[in-house]
Amino acid sequence: MINEAIVLAGGFGTRLKPVVEDVPKPMAAINSKPFLEYQFDFLKRYQIERIVLSVGYRADMITDHFKDNYRGMEIVYAIEKEPLGTGGGVANAFKMIKSDAAFVLNGDSIFDIDLHEFCNYYIEKEADAFMALKYMKEGERYGKVEINDSFRVTAFIEKGSSSGSGYINGGIYIISKDFQQYFGLTGNFSLEKDFFEEYSGSKVIFGVPFDGYFIDIGIPEEFQRAQHEFKRFKY
């Protein structure tokens, strides 16, 4: 089983500035607790032993808070000297991954899926990458992901370009350590646009649907919703 995870925690949190202090988005407080702690508690449930945090903006706030350990999980930092985007951040963080593959998670969203089940799909099927999908009745904010009967990703639909229900990218992935070497992607690039969308037609990328609780705190309305729902769901 995979026991390492990369968490993307370099976001500026621009859209949250009206409701939070000047902190990295993943450090925004939900009920007086940094959002990242909820993410780490989720990873702890699935025996993750080592977390590589991809950090950039106000990285010192994150390193000072977590240091090198959280509830027995080793914490190491891949620090961006300049913004690298989600893809560049993952590629930079993978330099510190010891295993052949790792979970990759967005640091500003939680998708409560069974990581062991997700890993079993990865073991059973040969693919370049896996992404966890969430069914949404209204997915315009996120865009949509189309899959076939075998769960292979066949298309991405831009956010706002269509209405109605469909699968969205849930922000949790399993990616091989040498993915960036396959495609020659370097520097600042988007994991979603420049990797998943660009290569979905030529590479094997699977999207696995899960129905777990999902929230993305990237906008004030969802940030406020988390304050209430995390109490109810005991996050």
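## The pairing of S10 and S11

In this predicted model, strands S10 and S11 pair in the antiparallel sense, and four bridges join them. One of the residues in these bridges is Ile147, whose partner in S11 is Val153. Together S10 and S11 make a hairpin, with five residues lying between the two strands. Within the turn, Phe151 has a positive phi of about 75°.

Glu158 is placed in the loop between S11 and S12. Is Glu158 buried, partly exposed or exposed? The relative accessibility of Glu158 is 43%; because this value falls between the limits of 20% for buried and 50% for exposed, Glu158 counts as partly exposed.

The chain brings Glu158 back towards residues from other parts of the sequence. The C-alpha atoms of Glu158 and Lys144 are 6.8 Å apart, although 14 residues separate the two along the chain. When neighbours within four places in sequence are left aside, Glu158 is in contact with Gly143, Lys193 and Glu197.

## The largest pocket

The largest pocket holds about 1100 Å³ of space. Its lining is made up of 43 residues, and those nearest the centre of the pocket are Lys25, Thr86, Asn106, Asp108 and Glu192. By type, the lining comprises 14 nonpolar, 15 polar and 14 charged residues.

Which helices and strands each supply at least two residues of this lining? The helices are H3 (85-94) and H6 (191-199), and the strands are S10 (144-147), S11 (153-157), S12 (166-176) and S14 (214-216).

## Arg50, a buried charged residue

Arg50 belongs to strand S4, which covers residues 50-55. The relative accessibility of Arg50 is 9%, and Arg50 therefore counts as buried, since the limit for that class is under 20%.

Residues up to four places away in sequence are not counted in the following list. Arg50 touches Asn3, Glu4, Ala5, Glu74, Val76, Met96, Ile97 and Lys98.

## The chain as a whole

The chain has seven helices and 14 strands. Of its 235 residues, 53% count as buried. The accessible surface amounts to about 10900 Å², and carbon and sulfur atoms account for 47% of this area.

Contacts may also be sorted by separation in sequence. Among contacts between residues at least 6 apart in sequence, 73% join residues at least 24 apart.

Note on methods: Residues numbered from 1 in each chain as written. Predicted model: local features only at pLDDT ≥ 70, side-chain atom pairs only at ≥ 80, totals over all residues. Heavy atoms only, no water. 1 Å grid on protein atoms, 1.4 Å probe; cavity = no way out; pocket = protein on both sides within 12 Å on 5 of 7 lines; lining within 4 Å. Points joined across faces, edges and corners; volume = space filled by probe spheres on them. Nonpolar A, V, L, I, M, F, W, Y, C, P; charged D, E, K, R; others polar. Pairing = 2+ DSSP bridges. Buried < 20%, exposed > 50% of the residue type's maximum accessible area, 1.4 Å probe, protein only. Contact = heavy atoms within 4.5 Å. Areas by Shrake-Rupley, 256 points an atom, 1.4 Å probe, with all protein chains shown as cover.
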